[in-house]
Amino acid sequence: MMSDKEPSKFRFSKFFLIKSYTEEDVHKAIKYGIWSSTSNGNAILDDAFLECEKSQQENLGEEADVYLFFSVNKSKHFCGVAKMLTRVNHNK
């Protein structure tokens with residue numbers, strides 16, 4: 001058990017709940033290893049990724065990752081989780 005004084009492995013990480021309109025979108029993301037959001041959503045995720053990179057540099061390489069938790073609208077269940085490996089590619 002971790003005490004309150006021990007640093008959390010995830011203290012610099014960011015977490016997002018990604019809601020998809022259809023289950024098919026989630027299956028495509030899994031199959032092709034890529035996720036796309038709205039323009040605003042992509043900008044938020046890209047900013048979060050950059051903030052985590054900066055946190056890693058400022059905190060001597062401590063983990064700082066962006067995690068995406070997936071759900072389908074109105075499904076009332078969790079579909080999966082992913083870790084962002086790269087910045088958002090606005091050209092794809």
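Is Phe15 buried, exposed or partly exposed? Phe15 is partly exposed, with a relative accessible area of 43%. Buried means under 20% relative accessible area, exposed means over 50%, and partly exposed lies in between (1.4 Å probe, protein chains only).

This is a predicted model, in which local features need pLDDT of at least 70, side-chain atom pairs count only at pLDDT 80 or more, and totals for chains, interfaces and linings use all residues. Residues are numbered from 1 along each chain as its sequence is written, and side-chain values use heavy atoms, with hydrogens and water left out.

View 1. A pair of aromatic rings is described by the distance of the centres and the angle of the planes. Rings of Phe, Tyr and Trp (its six-membered ring) pair if their centres lie within 6.5 Å; planes under 30 degrees apart count as stacked, over 60 as edge-to-face and the rest as tilted. The whole structure holds 5 aromatic pairs. In one of them, Phe10 and Phe15 have ring centres 6.2 Å apart and planes at 65°, so this pair is edge-to-face. Phe10 is partly exposed, at 35% relative accessibility. The rings of Phe15 and Tyr67 have centres 5.4 Å apart and planes at 10°, so they are stacked. Strands are DSSP runs of E with at least two residues, helices are runs of H or I with at least four, and both are numbered from the N terminus. Tyr67 is buried, at 15% relative accessible area. One aromatic cluster takes in Phe10, Phe15, Tyr67, Phe69 and Phe78.

**View 2. A salt bridge joins Glu51 to Lys14.** A salt bridge is a side-chain nitrogen of Lys or Arg within 4 Å of a carboxyl oxygen of Asp or Glu. By this rule there are 5 salt bridges. In one of them, the side chains of Glu51 and Lys14 meet at 3.1 Å, N to O. The two residues come from distant parts of the chain, 37 residues apart: Glu51 is in helix α2 and Lys14 in strand β1. Glu51 is partly exposed at 41% relative accessibility. Lys14 is also partly exposed, with a value of 28%.

**View 3. Two salt bridges lie within helices.** Lys28 and Glu24 form a salt bridge at 3.4 Å, N to O. Both belong to helix α1 (residues 23–32), and their spacing of 4 residues is about one turn of the helix. Lys28 is partly exposed, at 42%. In the second bridge, Lys54 meets Glu58 at 3.9 Å, N to O. Lys54 and Glu58 are 4 residues apart in helix α2, so about one helical turn separates them. Glu58 counts as exposed, at 54% relative accessibility.

**View 4. Asp47 sits in helix α2.** This helix spans residues 39–58. Asp47 is partly exposed, with 45% relative accessibility. Arg87 is 40 residues away from Asp47 along the chain, yet their C-alpha atoms are separated by 8.6 Å.

**View 5. Ser71 is a buried residue.** Its relative accessibility is 9%. Ser71 lies in strand β2. Which residues are in contact with Ser71, leaving aside its neighbours within four places in sequence? They are Leu17, Ile18, Lys19, Ser20, His77 and Cys79. Contact means heavy atoms within 4.5 Å.
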